[in-house]
Each structure stands twice: as structure tokens, then as C-alpha cells.
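Here's a quick briefing to read alongside the model. Grab your viewer and follow along.

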Amino acid sequence: MSEFRVKVINTINDIDSLLWDEFFDYQIENRYFYFKTLEESEKNKVKFYYILFYKETRIIAIVPLFILSFPIDISVQGYFKKITEMLKKVFPRLLNIKTVFIGNINNNGGIGIDKNISNIELLFKKIIVEINKIAKEEKALLINFKDFSVKYANIMKKNGFSCIESYPNTKLEIKFKNIEEYLKNLSHATRYDMRRKIKQYSQLPPLNLEIKNNCSCDIDLIYELYLNTVKNNDLIFEIISKDFFINLTKNMPKETFFFIWKLNGKIVSFEVSSIINNTMLAHYIGFDYEILYKYNLYFITFLDRMDWCIKNNIRYLKSGGFGYEPKKRLKFDFERNFFYMKPCNRILEPFFKLGLLFFKPENQDKDLKFLKKMNKI
């Protein structure tokens, strides 16, 4: 292990942006300036680390991680949710575990590794040693490789980590000439339902779509809609700050697009996306719940974005977790993600194993029951 030299830093500003993007395969969700935006926006409540691994003078791995208190009952619903809510009232910190997360706060994670490294297992052992040092320094109770792909499963199990199905990302390949052709690709029932929604919408005062690279004029209204949506979703991992939207515009001005829908001049929905090459990644959405169902905002705004993507030669539409039932109907593909988790203290391992029985997302979220039918790793 002595062949690796290690450097730990607290800001992405000390890493070359081109080197970062090369290490992360230019993935849209893990771009340098997206991480820079997260760091600048969330630094008041999240502590960031970046571990750099060198072989001689050459960087051979970049490991981003962050420290956050994690509500381990985030996926619990129904009867068990009532129990955990009662417990938190009496013991506020009981289910909020200080955790070292490896990866990305908002999207699927990863570690940037030089493709020429032959002994990946040795490198991972060293990575875990360094993460354990940070966990000890931060007095964290849990280590979580957040939303990593299945390719890490064997190596993580060898290092004592439990593998837990996480919330999948979703992706739609746009291979249609127009919306009509897309609708024909849907099932009969979904196609009928979408046409009914379109007809219902056509009888209402129309929404006006504006597309901008900057949201500064509308930031307060946009953030209010974002918070409205968060309050109606029990499975939000982390509520981002208003600064995220502002800094995303500043750091990625050419790649950032705000889709803003107005009714009689009032903003009733928005989505912020990043577009790189031929891929659109939807970050966040927000709705005015007073007209959400009357206008079928989720579906009508989706069709508007689809139409824009088709006309602008966007090939893939990617989205984060949640809202799986409509996305299944709309023919999105699901990209499986996993938590690779391990308690920092061996004494906690029996309690950790027991907790996993209750907190697995596919055991709690009714929209994720289909995960049990997929091939397990």
C-alpha cells in the first residue's frame, strides 16, 4: 500500500477542472462545475472532502465525499414511519446518523480512477483506510458509498460492506421525430390517458413556457415552488439551498436551462436542467399545487420538455429518483443504484444488520416493489 501517496483537501478549487472531468468520464451528473456548485451552495451545512491518490507525481484516483447527518428512516413509510416519528420526538438524534458519504449529494455517485490502474482491489483497500481516518476524525457512525453502480458490488463486499438497493436513476432515449410518434410508443392505456390529459389541457387557459439560462429575476418564486414539491415528497434526501440555483447559473451558464411555465403571468411550474452534448439531466422541479392536478402539470410540462428535446436533437433525458410509477408508464429505463454501507464501530454491526431489514427502500416504497423482481446481485 505504500506505493500510493495520499492528499486530503477540503475544496474542489484545488483540483484542475479538466483533470476532474476526465477522471469521471465527463459524466453530466459528476461534472467538475456541478460539484463546485454543490460545494459553494451547501458548505454551511455540509462538510466536503476530496481524497487524492498519487502514484509518484501522477494522480491516479479522486474520491469525493461529504459529511452529513443522515435520517436512516428516510425510506420508511406507513406504520413504521409513525413509529420512527415518535422515536425522533423523544430521541431527536437517534435516527439521524452522522455519516461519511462517498459520491454525489444529489445524483448517482462514483470514484474517479485512472483507467490504467491494474490493481483496483489494492487501491480500494487504501481508499477505505483513508475514509476510515476521516470518519474517526469526524466522529461519524456510518460510511455510505452513496448510489454507486453494481460494478462495485464484489469489491465492496470483500471489504465488509453491506449492499442495499437504492433509488434508481431514470433515463429515456429520445428516438422519436415528434410527440405523436412518442405517444405511439406508449402502452394503449397510457397513450389513451395522455391523450385525455392533452384534451383536458386544451380546454383550459394555456400555459406559457419560457426557457432561460438565468433565474435571478424569478429565484424567490422558483424556490418557493421547489419547497412546495419537497414538502409533498417524504423521500427527499437533502433540501438544497436557494444558492444552488444561483450558483449553477454562475458556474455552468451555457449548460444550465430553466424551463419556466406561467399561467396569466404567474409562475406555476419550473424545472432546472443541465445539458451537455446530447444529454439533458433534470435536477429539480417545482409545482403550484393549487393547479397541479387540474392542469396535470407533471405530464403536460414533461411533454413540453420532450418536444423541446426532439427539436433540439437531445438524445437522452435523465432524471434522478422518485416519481417511479409515472416514469414506468412513460417508458423510462431504470438504472440501478446501490448503497454500500458499513458502521464505523464493529459493536454497532448487529444493530445495523437488523435495521437494514426495515429501511431497505424496496421494502417500503410501493413504487419500488418491482425492484424485488429484478435480478439481485
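Leaving aside its neighbours within four places in sequence, which residues is Met280 in contact with? They are Phe259, Glu271, Ser273, Ser274, Ile275, Trp308, Cys309, Ile314, Tyr316, Leu317 and Lys318, where contact means heavy atoms within 4.5 Å. A word on ground rules: this is a predicted model, so local features need pLDDT of at least 70 and side-chain atom pairs count only at pLDDT 80 or more, while totals for chains, interfaces and linings use all residues. Residues are numbered from 1 along each chain as its sequence is written, and side-chain values use heavy atoms, with hydrogens and water left out.

**The chain overall**

- The protein chain has 13 helices and 15 strands; these are DSSP runs numbered from the N terminus, with helices being H or I of at least four residues and strands E of at least two.
- Of its 377 residues, 55% count as buried, going by relative accessible area: buried is under 20%, exposed over 50% and partly exposed in between, with a 1.4 Å probe and protein chains only.
- Take the contacts in the protein chain with a separation of 6 or more: 74% of them are between residues 24 or more positions apart.

**Nonpolar cores**

- The largest nonpolar core has 35 residues, and those with the most contacts inside it are Tyr182, Leu207, Met280, Tyr295, Phe302, Met306 and Trp308. A core here is a set of buried Ala, Val, Leu, Ile, Met, Phe, Trp, Tyr and Cys residues joined through side-chain atoms within 4.5 Å.
- At least two residues of this core come from each of α6 (179-184), α7 (188-202), β10 (256-263), β11 (266-276), β12 (279-287) and α10 (297-311).
- α10 gives the largest share of this core, with nine residues.
- There's also a second, separate core of 33 residues, with Phe4, Val100, Leu123 and Ile143 among them.

- Helix α2 (residues 32-42) is largely enclosed by the rest of the structure, because nine of its 11 residues are buried.
- The buried ones in α2 are Tyr32, Tyr34, Phe35, Lys36, Thr37, Leu38, Glu39, Ser41 and Glu42.
- Asn251 belongs to helix α9 (residues 242-251) and counts as buried at 12% relative accessibility.
- The side chains of Asn251 and Thr37 make a polar contact at 3.0 Å. That term covers a pair of N or O atoms within 3.5 Å; within protein, one must be able to donate a hydrogen and the other to accept it, and residues adjacent in sequence count only if both atoms are side-chain atoms.
- Setting aside neighbours within four places in sequence, Asn251 is in contact with Phe33, Lys36, Thr37 and Glu40.

**Ser269 in β11**

- Ser269 sits in strand β11 and is buried, with a relative accessible area of 1%.
- A polar atom of the Ser269 side chain lies 3.0 Å from the backbone oxygen of Gly286.
- Apart from neighbours within four places in sequence, Ser269 is in contact with Leu225, Phe259, Ile260, Trp261, Gly286, Phe287, Leu297 and Thr301.

**Positive phi**

- Most residues other than glycine have a negative phi.
- Asn296 has a positive phi, near 50 degrees; this residue lies in the loop between β12 and α10 and is buried at 13% relative accessible area.
- Asn313 also has a positive phi, of about 60 degrees. Asn313 is in the loop between α10 and β13 and counts as exposed at 64% relative accessibility.

- On a 1 Å grid over the protein atoms alone, a pocket is an open set of points with protein on both sides within 12 Å along at least five of seven lines, a cavity is a set where a 1.4 Å probe fits but cannot get out, and lining residues have an atom within 4 Å of a point.
- Of the 20 residues lining this pocket, Asp25, Gln27, Ile111, Lys151 and Tyr152 are the closest to its centre.
- β5 (112-113) and β6 (142-148) each supply at least two residues of the lining of the second largest pocket.
- The largest cavity has a volume of about 30 Å³, volume being the space filled by probe spheres set on the points.
- Lining the largest cavity are Glu29, Asn107, Asn108, Asn169, Thr170, Leu281, Lys318 and Ser319.
- β8 (169-173) and β13 (316-319) are the elements that give two or more residues to this lining.
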